[in-house]
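I open the notebook on this model and note what I looked up, entry by entry. The structure comes first, then my notes.

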Amino acid sequence: MRGLSLLLGTMSRTGRSRAAALALIVLVTSLLPIATTVVTGLLVGRVPAAVAGGLGSVPARTALTLLAGASAMIVVGRVIGPFKEALAENLGRALDLEIQERVIAAVQAPSGIAHLEDPEVTDLVEQARRLGSSGMRPGLAVAALASLVPSWVQALGSALILVVFHWWVALLWLAVWPAAIWLFQREYIRIGQVVYGQSRRMRRAEYLCDLALAPDAAKDLRVWGMGGWLADRFEATWDESTRPGRLARRPGRGVVWLPSAAILAVNAVSYGLLAVAAARGDIGLAAVAVFTQALIAANFFRAFDDQNAQLSFAAVQVPALLQLEQRLRPAAEDEPTAEALPDAVGAISFKGVGFRYRGMERDVLRGLDLTLEAGRSLAVVGVNGAGKTTLVKLLCGLYRPTSGRITVGGRDLAGIPSDAWRKRVAALFQDFAQYHLSAADNIAMGAPDLPVDTDRLCRVAERAGVLDVIEGLPWAWETVLNRGYARGADLSGGQWQRVALARALYAVEAGARVLVLDEPTANLDVRAEAELYDRFLELTAGLTTVLISHRFSTVRRADRIVVLADGVVSEVGSHEELMSRGGRYAEMFRLQAARFTEEVGR
Ligand code: ADP
């Protein structure tokens with residue numbers, strides 16, 4: 001029930017004026033039927049006198065006024081109904097959006113990315129991501145409340161009318177139904193918790209379904225004949241994830257029988273008393289009409305509808321999602337507020353840096369010492385999994401060392417505000433993102449703080465060798481770089497790499513002084529890769545650059561080369577120094593050169 005109050009609080013804060021308007025309409029739609037019951041009751045009571053007195057008589061005029069009043073109420077009720085629904089839908093969507101925005105802000109809050117590897121966080125993030133399309137979104141709770149509350153108020157109000165009949169009968173109604181609703185809502189919350197607890201499994205089932213339907217795996221599915229296997233797997237996982245919910249929906253016998261029996265008994269007593277009173281003439285026609293209608297309406301309490309389930313599910317889901325805010329809020333001491341970095345950042349030193357990924361049993365780096373000289377290029381080599389990318393991720397501040405420290409111009413990186421450091425570093429990773437945004441945005445996002453300036457865009461695109469390509473696109477800079485959009489077009493792998501390079505150069509325009517190229521060339525041939533790295537080194541001369549590549553023809557162009565092995569730097573020096581040392585580097589270089597000569601010679 002705490003979840004319910006948090007849900008209500010979030011709802012009312014989402015759009016204050018809309019929430020207030022909705023509350024008012026809900027109040028009116030709740031009270032109108034009660035007023036209609038009283039007025040029509042009175043109308044029925046006036047009919048005999050009006051008929052006897054004729055059309056011009058006072059009772060007839062009163063009856064006509066009551067008739068007009070009852071009709072007006074019915075019309076108003078009909079007219080504001082659709083408004084209420086539209087407003088509730090609108091507010092519900094706003095609530096979903098607010099939750100998504102808060103989740104996005106929470107996920108963006110930490111400066112690193114370690115939290116994105118926490119399965120509980122990724123699970124919640126995934127849920128938030130799907131809120132717009134999910135069948136059980138919290139926003140539905142708004143419409144649910146807008147529909148449930150009037151039924152409850154109407155039933156409560158009608159029960160109150162019965163005070164005039166027998167106060168203790170009214171009291172019975174006021175006690176039994178609310179107790180039943182409380183009991184059922186609690187039951188729904190329990191079910192909601194069980195269903196919600198299955199969301200990770202459900203996500204797995206959805207993944208399998210996506211896999212079977214999306215084009216990405218279509219080739220594999222057919223070549224390996226995996227279609228049937230995947231369908232069975234999907235069915236089994238879906239069944240597993242929905243079974244607990246299905247079982248939980250079977251309420252305990254006490255929850256069903258006790259309230260049902262009590263409600264039945266209260267109905268029997270009330271109708272019995274009313275029948276006896278009417279038969280004995282203890283109450284008049286109007287009273288019989290009003291009490292009968294009141295008794296009917298007093299059963300309008302809704303406790304078992306879909307809306308009750310939606311409300312309870314939201315009461316479980318919203319607190320879980322918003323809990324991300326506390327969980328991911330950077331601790332005050334984590335975010336330094338030191339003075340700005342100087343334009344020239346100075347040498348960067350790794351001092352005894354150790355690092356282990358969350359949940360892993362092995363350190364990737366173990367006391368690594370390395371200095372990146374300011375304004376020089378450094379290539380990092382090592383076998384797959386040696387920790388090259390990890391090293392640059394630490395350099396970018398995406399993770400913090402588990403032990404040791406990284407200093408920049410003598411200052412501990414941990415003491416430099418992450419925003420300030422991000423403006424100084426630009427990196428192109430292997431899996432750099434190909435954004436479905438305009439060509440201009442794809443490059444300008446290298447420095448989001450810099451006002452978008454076409455001259456600057458053209459300058460960096462030209463230097464990256466992609467200006468002609470962009471200007472040749474159907475909508476030039478405005479073309480969305482994906483064919484799936486109305487004004488979209490695709491780029492080749494090599495063109496994308498140049499766009500990414502232009503993005504890095506754009507960051508340099510905004511003050512980046514450290515550039516990283518972590519094999520963004522996987523799908524380029526040797527010549528294209530060599531050309532990209534050459535261009536990169538030429539364009540970034542005077543900046544501190546880090547290159548990662550498997551191709552030694554590229555690596556040898558760097559001022560200095562380090563070999564990573566067993567979590568430490570095993571060799572360091574220029575290409576010539578390392579070759580003459582005859583160690584691991586020389587061995588790897590010769591091996592690759594030999595294979596290359598062999599392939600070329602074939
Ligand atoms: P390299 O770039 O030299 O190929 P990486 O730095 O990518 O190596 O990876 C080093 C090791 O850390 C590998 O064993 C890899 O599997 C592991 N690793 C990389 N990223 C993660 C991660 N996010 N979580 C857990 N382990 C990781």
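**Entry: valine 364**

I started at valine 364. Valine 364 touches Phe355, Arg356, Tyr357, Ala386, Gly387, Thr390 and Gly567, with residues up to four places away in sequence not counted. Contact here means heavy atoms within 4.5 Å. I placed valine 364 in the loop between strand 1 and strand 2. Strands (E, at least two residues) and helices (H or I, at least four) are DSSP runs, numbered from the N terminus. Valine 364 has a relative accessible area of 11%, so it is buried. The cut-offs are under 20% relative accessible area for buried, over 50% for exposed and partly exposed in between, with a 1.4 Å probe and protein chains only.

**Entry: ground rules**

The model is predicted: local features need pLDDT of at least 70, side-chain atom pairs count only at pLDDT 80 or more, and totals for chains, interfaces and linings use all residues. Residues are numbered from 1 along each chain as its sequence is written, and side-chain values use heavy atoms, with hydrogens and water left out.

**Entry: threonine 390**

Next I took threonine 390 from the contact list of valine 364. Threonine 390 sits in helix 13, residues 388-395. Its relative accessibility is 7%, so threonine 390 counts as buried. Beyond its neighbours within four places in sequence, threonine 390 contacts Phe355, Tyr357 and Val364.

**Entry: the ligand**

Which residues come nearest to the ligand? I found Glu117, Gly385, Gly387, Lys388 and Thr390, out of 14 residues around the ligand. A residue is near if one of its heavy atoms lies within 4 Å. By class, the shell holds six nonpolar, five polar and three charged residues.

A polar side-chain atom of arginine 362 lies 3.3 Å from a ligand oxygen. A polar backbone atom of glycine 387 is 2.9 Å from an oxygen atom of the ligand. For threonine 389, a backbone N or O atom lies 2.9 Å from an oxygen atom of the ligand. The ligand has 560 Å² of accessible area on its own, and the protein covers 70% of that. Areas are from the Shrake-Rupley method with a 1.4 Å probe; for residues, only the protein chains shown count as cover.

I traced an open sheet of four strands in the order 2-1-4-5, with antiparallel pairing. Strand 2 (365-372) and strand 5 (411-412) stand at the edges with a single partner strand each, so one side of each has no neighbour in the sheet. Two strands pair if DSSP finds at least two bridges between them. Strand 1 (residues 348-355) is joined to strand 4 (residues 403-408) by five bridges. Glycine 354 has serine 403 as its bridge partner in strand 4. Strand 1 also pairs with strand 2 over five bridges, in the antiparallel sense. There, serine 349 stands opposite threonine 371. Six of the eight residues of strand 1 are buried.

**Entry: strand 7**

Is strand 7 enclosed or open? Five of the five residues of strand 7 (residues 514-518) are buried, so strand 7 is largely enclosed by the rest of the structure. In a regular strand the side chains alternate between the two faces of the sheet. Here Val514, Val516 and Asp518 point one way, and Leu515 and Leu517 the other way. Strand 6 (residues 425-428) pairs with strand 7 in the parallel sense over four bridges. Alanine 427 stands opposite valine 516. Strand 7 and strand 8 (residues 544-548) run parallel, joined by five bridges. Leucine 515 stands opposite threonine 545 in strand 8.

**Entry: serine 158**

Last, I looked up serine 158, in helix 5 (residues 140-161). At 1% relative accessibility, serine 158 counts as buried. A polar atom of its side chain lies 2.6 Å from the backbone oxygen of glutamine 154. Leaving aside neighbours within four places in sequence, serine 158 is in contact with Ala294, Ala297 and Ala298.

Note on methods: A polar contact is a pair of N or O atoms within 3.5 Å; within protein, one must be able to donate a hydrogen and the other to accept it, and residues adjacent in sequence count only if both atoms are side-chain atoms. Ala, Val, Leu, Ile, Met, Phe, Trp, Tyr, Cys and Pro count as nonpolar, Asp, Glu, Lys and Arg as charged, and the others, Gly among them, as polar.
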